[in-house]
Amino acid sequence: MGPGPADVHPRVLAALARPTIGHLDPAFVAMMDELKTLLRGAFRTDNALTMPVSAPGSAGMEICFVNLVEPGDTVVVCINGVFGTRMKENVERAGATAVVVEGTWGRAVDPEQVERTLAAHPEARLLAFVHAETSTGACSDAQALAEIARRHDCLTICDAVTSLGGSPLEVDAWGLDAVYSGSQKCLSCTPGLAPVTFSERALDKVRARTTKVNSWFLDLNLIMGYWSGEQKRSYHHTAPVNALYALHESLVMLAEEGIERAWARHAHHHQALRAGLEALGLELIVPEAERLPQLNAVAVPAGIDEAEVRARLLARYNLELGAGLGSLAGKVWRIGLMGHSSRPENILLCLGALGTELGALGHQTDTGAALAAARAVLGTD
């Protein structure tokens with residue numbers, strides 16, 4: 001129950017064990033087409049170039065930046081946590097100038113601040129932001145940010161690593177241009193793949209580049225021949241066949257559940273966890289309207305060694321929580337309710353274990369009240 005990877009569903013684990021076939025085998029190519037269709041449903045897009053990158057979510061981030069950013073460009077980057085800082089690093093490594101919208105850790109990106117920054121930098125042609133900031137549990141208004149970007153003739157790069165499959169994400173309806181995610185969070189799959197989607201506006205910019213993409217492996221002009229070949233797929237790399245089986249199965253399961261039901265499940269389970277945490281006297285650091293249901297950043301009570309609590313939970317309950325990152329290190333626990341991990345029994349295990357161990361360390365708790373509060377929200381789940 002940390003910030004990822006989440007529990008992998010048994011159906012996905014079984015898919016990993018299927019016989020490995022060639023990555024240009026007709027049966028595998030047919031599965032690739034199905035996978036792309038399923039991914040479009042998860043992203044809520046009709047984008048033709050929607051595919052998984054054969055690498056972790058960080059490569060999903062990099063494929064967006066190395067293809068859309070050229071030396072000399074100006075990119076406005078919103079930073080309200082760890083992963084915004086990584087966006088800035090990508091911009092600078094591409095030889096471009098990063099103009100930073102500095103936000104508060106634990107809060108959503110401020111749209112008015114973005115509006116002012118873009119107005120002050122008319123040369124900017126890209127806006128980059130994190131939709132679901134995994135380091136803090138804050139969710140920014142991607143729709144509002146995309147609307148602002150369009151008014152200023154900017155494309156958008158959006159980090160949806162933690163939101164895909166767990167929170168409302170409407171790529172087409174919100175007008176997002178380049179969006180990347182990861183397989184290991186709300187999709188209940190193994191780590192190692194990065195679903196991405198690119199609008200036609202974004203691909204027009206890629207095609208119009210005057211410089212080579214500064215990565216052979218992540219050059220969309222080359223990858224498109226493998227993932228988007230209409231007649232015959234061109235060889236680009238040896239795709240991770242079994243990992244793609246797993247992602248395909250996880251997306252089949254998401255389609256069976258229904259994307260909106262998946263969003264509702266994560267929100268409902270967050271409310272149950274929240275009720276129990278509050279009954280334990282614990283506080284979530286993100287304001288309610290800006291919280292991610294699948295990543296809950298909980299303030300560590302005064303006098304409690306957060307690392308000792310996490311070690312106890314892992315040793316005694318086989319329960320993993322995440323530590324704080326950056327300026328939140330030592331100050332928060334990050335409790336994940338992602339994909340297959342977002343289940344009632346996990347919520348009750350977490351609350352019971354946390355209440356027991358905090359009590360043992362001298363923090364006054366009422367574990368029974370916490371479990372009762374969570375059960376009241378869960379109802380018949």
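1. Surface first: the protein chain has an accessible surface of about 14700 Å², and carbon and sulfur atoms own 52% of that. Areas here come from the Shrake-Rupley method with a 1.4 Å probe, and for residues only the protein chains shown count as cover. Bear in mind that this is a predicted model, where local features need pLDDT of at least 70, side-chain atom pairs count only at pLDDT 80 or more, and totals for chains, interfaces and linings use all residues. Residues are numbered from 1 along each chain as its sequence is written, and side-chain values use heavy atoms, with hydrogens and water left out.

2. On overall shape, the radius of gyration is 21 Å, which agrees with the value near 21 Å that a compact globule of 381 residues would have. That radius is taken over C-alpha atoms, and the globule rule is 2.2 Å times the number of residues to the power 0.38. Along the principal axes, the C-alpha atoms fill a box of roughly 65 × 55 × 30 Å.

3. Of the 381 residues, 58% are buried (under 20% relative accessible area; exposed is over 50%, partly exposed in between, with a 1.4 Å probe and protein chains only). Among contacts (heavy atoms within 4.5 Å) with a separation of 6 or more, 72% join residues 24 or more positions apart.

4. You get 14 helices and twelve strands in the protein chain. These are DSSP runs numbered from the N terminus: helices are H or I with at least four residues, strands are E with at least two.

5. Have a look at the open sheet with strand order E10-E12-E11, whose pairing is antiparallel. Strands E10 (295–299) and E11 (322–323) are at the edges with a single partner strand each, so one side of each has no neighbour in the sheet. E11 and E12 (residues 332–336) pair over two bridges; DSSP has to find at least two bridges for a pair to count. Ala323 sits opposite Trp333 in E12.

6. Ala299 belongs to strand E10 and is partly exposed, at 26% relative accessible area. Beyond four places in sequence, Ala299 touches Leu282, Glu283, Ile285, Lys331, Val332 and Trp333. With Glu283, the C-alpha to C-alpha distance is 5.6 Å across 16 residues of sequence.

7. Finally, is Asn346 buried or exposed? Asn346 is buried, with a relative accessible area of 9%. This residue lies in helix H13 (residues 344–360), and its contacts beyond four places in sequence are Met1, Asp7, His340 and Ser341.
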